[in-house]
Amino acid sequence: MHPDLIVGLDDADDGGVYMTPSGDALVQTVDFFTPIVDEPFDWGRIAAANALSDVYAMGGSPITALQLVGWPRDVLSFELLQDVIAGGVSVLEQAQCTLVGGHSVDDQEPKYGFAVTGIVGPDRLMTNAGARVGDRLVLTKPLGTGIISTAIKQGVASREARDSAVASMVRLNDSASLAMTDAEAHAATDVTGFGLLGHLRELLGSAGVAAVVDVDEIPLLPDVLSLVSEGVFSGGSQRNLDSVSPIVTNSTGDPRWMQILADAQTSGGLLISMPGAGLEALMEALEASGDTAAVIGEIVPGESSVILR
């Protein structure tokens with residue numbers, strides 16, 4: 001590994017981090033996906049917020065982005081693509097991240113996203129490897145975007161659930177990132193495609209610890225429990241569930257929690273491992289910035305296992 005690559009592939013972190021000769025650290029990440037809502041402008045907004053999230057999860061500030069587009073030009077109009085791009089650019093502008101270029105290809109299935117570069121001071125760099133026994137686990141957004149996106153595709157999502165999911169997905173993790181670095185969190189990751197349990201497993205594995213999760217404390221988007229009860233659950237989330245089931249003990253007696261916590265999220269919140277000394281300050285800062293934050297569990301001795309209670 002190059003000596004200036006200070007975060008690479010070893011611990012499944014949210015982005016790579018490279019130290020420049022000036023002493024600044026660059027955070028680099030990429031993410032793109034197919035439409036998860038019907039409205040092109042909202043899809044663009046969600047894709048941008050999702051791509052920026054990995055930089056925020058590492059304590060950084062995004063500075064530039066490259067746009068990635070796959071578009072079936074013979075099937076969908078370029079006017080629709082313009083709406084997608086307008087949505088993405090609107091969120092980049094909100095994040096004060098400059099669009100510097102990109103690349104497009106003719107693709108049978110539409111795809112959209114960004115490669116993002118951020119900057120972080122080495123003393124504020126956050127990885128997923130620092131969790132310690134006794135830390136509390138803080139989640140900064142409600143869960144359920146994957147379940148609701150699946151419900152939208154199946155035509156069974158309520159307007160309230162759809163609107164709440166979009167509002168959550170387009171919300172940036174910038175204020176939560178600033179709050180956690182100011183409060184000197186030990187570790188963090190964002191909750192995206194592997195679901196909460198999948199990303200928690202990475203955090204636990206990197207630090208060699210275990211966790212207890214209190215399901216009653218987990219914030220959920222509207223209708224999530226009822227939708228799972230009706231069988232709304234995607235194939236990707238089922239793969240997540242199959243992957244994490246061996247490390248999880250579900251003491252709740254309710255199998256729906258395993259599905260909800262394995263639900264593949266888009267542009268989810270930050271999952272923060274926070275020492276008790278800074279917990280109150282962190283929660284006050286998150287509340288002041290309007291983040292839907294909750295203390296959902298704690299780090300305990302063990303090896304990469306989770307108890308749901």
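1. Which of the 78 residues in the largest nonpolar core touch the most other members? They are Leu52, Leu200, Ile218, Val306 and Leu308. A nonpolar core is a set of buried Ala, Val, Leu, Ile, Met, Phe, Trp, Tyr and Cys residues joined through side-chain atoms within 4.5 Å. Buried stands for under 20% relative accessible area, exposed for over 50%, and partly exposed for what lies in between (1.4 Å probe, protein chains only). Helix 1 gives the most to this core, 9 residues. Apart from this core lies another, of 16 residues, with Ala179, Met180, Ile272 and Met274 among them.

2. The model is predicted: local features need pLDDT of at least 70, side-chain atom pairs count only at pLDDT 80 or more, and totals for chains, interfaces and linings use all residues. Residues are numbered from 1 along each chain as its sequence is written, and side-chain values use heavy atoms, with hydrogens and water left out.

3. Leu308 has contacts (heavy atoms within 4.5 Å) that include Leu197, Val213, Val215, Val248 and Met258, not counting residues up to four places away in sequence.

4. Asp42 takes part in two of the salt bridges described here, a salt bridge being a side-chain nitrogen of Lys or Arg within 4 Å of a carboxyl oxygen of Asp or Glu. Asp42 pairs with Arg45 at 2.8 Å, N to O, and with Arg162 at 2.6 Å, N to O. Arg162 lies in helix 4 (residues 159-170) and Asp42 in helix 1, so this pair ties together parts 120 residues apart in sequence. Helices (H or I, at least four residues) and strands (E, at least two) are DSSP runs, numbered from the N terminus.

5. Asp42 and Arg45 are 3 residues apart in helix 1, which means that about one helical turn separates them. Asp42 counts as buried, at 11% relative accessibility, while Arg45 is partly exposed at 23%. Arg162 is buried. Salt bridges with shared partners join Glu39, Asp42, Arg45, Arg159, Arg162 and Asp163 into one network.

6. Lys111 forms a salt bridge with Asp107, with the closest N and O atoms 2.8 Å apart. Lys111 is partly exposed, its relative accessible area being 22%. The count of salt bridges comes to 11.
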